[in-house]
Amino acid sequence: MIQRNAKIGAKNQNSARQGGDRALASIALQDVSKTYGKVTAVADVSLQVNDGEFMILLGPSGCGKSTVLRMIAGLESVSSGEVFIGDAMVNDMAPKDRNVAVVFQSYALYPHMSVGQNLAFGLKMHDMPRAEIEQRVRRVAQMLGIDELLDRRPAALSGGQRQRVALGRALVRDPVAFLLDEPLSNLDAQLRNDMRLELVKLHRSLGRTVVHVTHDQVEAMTMGERICILRKGRVEQIGAPLDVYRHPANTFVAGFLASPPMNLIPCQVATADGTKREDGALFIEAGSVRLRVPTPYTPAYRTYNAQAAIFGIRPEDVHAEPSDPGWQAIDVEVVAVETLGAEVVLIAGIPGLEGVEFAARLGRHYRAPIGSMQRLYLDLAEMHLFDPRTTMAVPRDM
Amino acid sequence: MATRTRERRGSIVTHAVLALFSLYIALPPLWVLRTSFVPEAQSYSIDLMPAFTLDNYVKLLVKDKFWLAYADSLAAATISTLLALPLAAMAGYAFARYRTGGNASRFVILATQMLPPVAIVLPVFTLFRMFDLTNSVSGLVLAYAALNLPFLTWILMGFFEGVPVELEWAAMVDGATVWRAFWRIVLPVSLPGLAAASVLGFILAWNEFLFALVLTGPDTATIPVQLASLQSQNGVQIAEVSAGVVLGVVPLLIASRFIQRYLVRGLTFGAIK
């Protein structure tokens with residue numbers, strides 16, 4: 001145990017991950033539900049978090065992601081289904097016996113204790129000898145750069161310092177898994193970026209299982225090894241960040257995972273002559289727009305021929321210049337031009353399509369007068385098609 | 001120039017009103033203080049200080065053995081509060097955190113306070129006589145603890161509701177049982193509330209008259225009962241009563257002064273959450 005902490009102190013990456021001296025801390029949820037009276041907060045969630053994995057639970061507020069986290073920690077009872085930590089079914093195990101640590105959004109530092117006492121509390125609860133408690137507290141405090149603050153009360157700390165203390169309180173116990181409940185959401189933007197990176201480094205050096213709850217897509221994309229996207233208590237999609245980003249399972253995931261979200265445009269799928277022929281080119285029609293589906297996708301999308309569908313394309317796959325001969329042009333009417341410095345986000349309307357806003361991420365020098373007609377070029381190799389009824393993506397091979 | 005005069009005039013009016021209200025509040029206790037130092041014969045005089053004497057205090061303490069009542073009151077108020085407070089804390093916590101018994105039980109708790117004491121005192125007397133608890137301070141202690149329990153529970157419930165549940169969660173994840181999280185985290189954080197509740201409980205018990213009158217005898221009378229006994233056929237011995245009131249108020253002044261800081265914070269803390 002001590003030896004492992006020494007390794008952490010030396011920031012020896014991946015050392016603990018290879019150490020075989022500890023229990024496996026995979027976390028598994030099988031058909032887990034949580035109901036409060038008639039309200040269902042979490043419905044049939046099944047999720048496997050591998051030992052040492054950094055898993056993100058992503059979703060809008062009220063989607064049940066924090067409830068899932070609390071059920072893993074044992075702070076909420078499970079209405080049905082089973083929760084496993086390692087090999088043990090922990091449904092009826094008290095939080096204190098699960099050996100997981102939680103960092104809360106509010107940090108939940110004990111206000112009547114000094115920073116040092118906050119860090120030591122969990123160790124005291126486990127009846128650890130005083131000398132070892134002191135040693136561990138010192139080491140974690142040094143590691144997080146809060147060793148100057150050990151005698152201070154939480155009220156006398158800044159937001160960033162409190163965040164570190166909360167993190168330290170989790171680290172000092174050397175738990176098998178870390179459960180983080182939006183730990184970065186109370187920090188200002190700069191500090192959040194720093195801590196994001198630091199958490200990832202920490203995870204890499206400790207090799208512990210992490211379940212990180214957030215509503216921030218940037219955190220999800222940059223921190224997680226896998227993302228689990230939740231909506232209304234249900235799992236929408238689980239996968240590696242880029243996989244989920246490139247192959248969203250439905251319109252919700254497509255819209256949620258990025259900002260600005262994927263453009264989703266109700267459309268009609270048709271052949272060149274409007275018949276139900278089984279070969280030939282396929283077209284996407286929406287208002288004044290008519291786009292030719294790339295040949296490799298036509299077999300997959302042909303089932304939607306002569307039917308309504310939802311056409312999806314990410315704003316970054318829309319370009320101002322036809323740099324590639326395969327890109328197809330559309331004409332749009334400029335509604336707003338948001339200059340973000342590094343890029344320009346163009347918000348536009350499509351003639352003939354009421355109420356549809358179309359976003360494009362363009363180069364930072366792009367300018368266009370409001371209300372003018374502009375030609376844009378779509379990279380349809382990156383297009384998606386969704387079923388309008390089920391909102392599910394139409395599967396294709398690439 | 002004109003505005004300054006107007007400002008000053010406004011300030012004078014404000015202070016005059018404040019002074020009037022202060023006088024309205026302070027005059028009765030000040031008059032009691034004055035009367036306690038005035039000979040009995042002149043106590044109803046409207047002179048500010050016709051004569052100065054300490055006789056009332058001497059008579060009260062030596063002849064009427066007022067210090068016995070003092071000790072009884074102190075014992076009854078202190079012990080009953082110490083008895084009720086832990087129970088109230090646990091009950092209040094259960095109501096606040098686990099919603100024990102639902103909203104109905106919360107209302108019932110409050111409803112017990114709505115009964116006029118007169119309706120309870122005789123059944124309590126009958127009951128206590130069965131157990132030989134009348135004419136004793138211990139009976140009074142039990143009665144006060146029971147009477148104050150709902151009130152203290154209600155106050156503390158408000159406090160515990162103001163304690164973020166994440167604190168307890170953090171403690172439980174840190175390895176504490178529910179009980180230890182309550183003991184090590186919730187109670188220390190709620191110290192202002194506990195202080196406020198205990199002072200209020202003490203004051204209620206200290207000033208209580210009806211139960212003390214019915215449940216105690218001549219040897220176990222508390223301060224209010226003893227003072228009431230100074231009414232004789234010759235009328236109320238108002239100077240001596242005043243001296244008793246002054247002595248009776250002293251511990252309350254000390255107590256509230258001592259924890260005023262907690263009391264003020266405590267009363268608002270529970271209210272705004």
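**Chain contacts, domains and core**

In this predicted model, chain B meets chain A through 15 residues of its own, which are in contact with 17 residues of chain A. On the side of chain B that touches chain A, two elements give two or more residues, namely α7 (165-173) and α8 (178-189) of chain B. Of these, α7(B) provides the largest share, with 6 residues. Sorted by class, this side of chain B holds 10 nonpolar, 2 polar and 3 charged residues.

A look within chain B comes next. The domain assignment divides chain B into domain 1 (2-36) and domain 2 (56-272). Taken over C-alpha atoms, the centres of domain 1 of chain B and domain 2 of chain B are separated by 34 Å. The contact between them draws on 4 residues from domain 1 of chain B and 7 residues from domain 2 of chain B. On the side of domain 1 of chain B that touches domain 2 of chain B, 2 residues are nonpolar, 2 are polar and none is charged.

In soluble globular proteins, nonpolar side chains tend to be buried together. Here, the largest nonpolar core contains 163 residues, and those with the most contacts inside it are Leu57(A), Ile72(A), Val100(A), Val102(A), Leu179(A), Val211(A) and Cys228(A). The element that gives the most to this core is helix α6 (residues 137-162) of chain B, with 16 residues. Neighbours within four places in sequence aside, Leu179(A) is in contact with Leu69(A), Ile72(A), Ala73(A), Val100(A), Ala101(A), Val102(A) and Val211(A).

Key: Residues are numbered from 1 along each chain as its sequence is written. Chains are lettered from A and ligands numbered from 1 in the order in which they are written. This is a predicted model: local features need pLDDT of at least 70, side-chain atom pairs count only at pLDDT 80 or more; totals for chains, interfaces and linings use all residues. A nonpolar core is a set of buried Ala, Val, Leu, Ile, Met, Phe, Trp, Tyr and Cys residues joined through C-beta atoms within 7 Å. A residue is buried if 20 or more other C-beta atoms lie within 10 Å of its own, exposed if 12 or fewer, and partly exposed in between; C-beta atoms are placed from the backbone. Helices (H or I, at least four residues) and strands (E, at least two) are DSSP runs, numbered from the N terminus. Two residues are in contact if their C-beta atoms, placed from the backbone, lie within 7 Å. Domain bounds come from an automatic or database domain assignment. Ala, Val, Leu, Ile, Met, Phe, Trp, Tyr, Cys and Pro count as nonpolar, Asp, Glu, Lys and Arg as charged, and the others, Gly among them, as polar.
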